[in-house]
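Biologist: Hi! Could you walk me through this one?
Modeller: Happy to, here it comes.
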Amino acid sequence: MATALDVHPRSEPNLTDRIAQRLMDEITGGQYQIGDVLPPEQAIADRYGVSRTVLREAVSRLKSEGIVSSKQGRGLQVIANSPYPYCGSPPPI
């Protein structure tokens, strides 16, 4: 029986992974600068042709990497342009 601790490398990124990477590429590529507010979720989802659920999961990954933050009513704000900007590596688990 598999557990949550089992790690299986994936041969191909899923849709959420690809959307998270596209957003990250836009941020690291300079389309968005630190302090910029991203367009509304629905606009981004429409641009990528995905559901808001997929987009929210992708955004959640960027939040966990310290790239964006959100506050209700203020949208998504870019707070860094590379993952884990303060220590250069992921936080310990």
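Modeller: A term before we start: helices (H or I, at least four residues) and strands (E, at least two) are DSSP runs, numbered from the N terminus. The expected span of a helix is 1.5 Å times one less than its number of residues. This is a predicted model, where local features need pLDDT of at least 70, side-chain atom pairs count only at pLDDT 80 or more, and totals for chains, interfaces and linings use all residues. Residues are numbered from 1 along each chain as its sequence is written, and side-chain values use heavy atoms, leaving out hydrogens and water.

Biologist: Thanks! How many residues does helix α3 have?
Modeller: Helix α3, residues 52-64, has 13. From first C-alpha to last it reaches 18 Å, close to the 18 Å expected.

Biologist: And which residues in α3 are buried?
Modeller: Val54, Leu55, Ala58, Val59 and Leu62, with buried meaning under 20% relative accessible area and exposed over 50% (partly exposed in between; 1.4 Å probe, protein chains only). Seen down the axis of α3, they fall within an arc of 135 degrees (taken from the directions from the helix axis to the C-beta atoms), so they line one face of the helix.

Biologist: What is exposed on the other side of α3?
Modeller: Thr53 and Ser64 are exposed there.

Biologist: What do the buried residues of α3 pack against?
Modeller: Their partners are α1 (15-28), α2 (41-48), β1 (68-71) and β2 (75-78).

Biologist: New topic: what pattern does the protein chain follow?
Modeller: Along the sequence, α-α-α-β-β. Of its 93 residues, 26% count as buried.

How values were computed:
Contact means heavy atoms within 4.5 Å.
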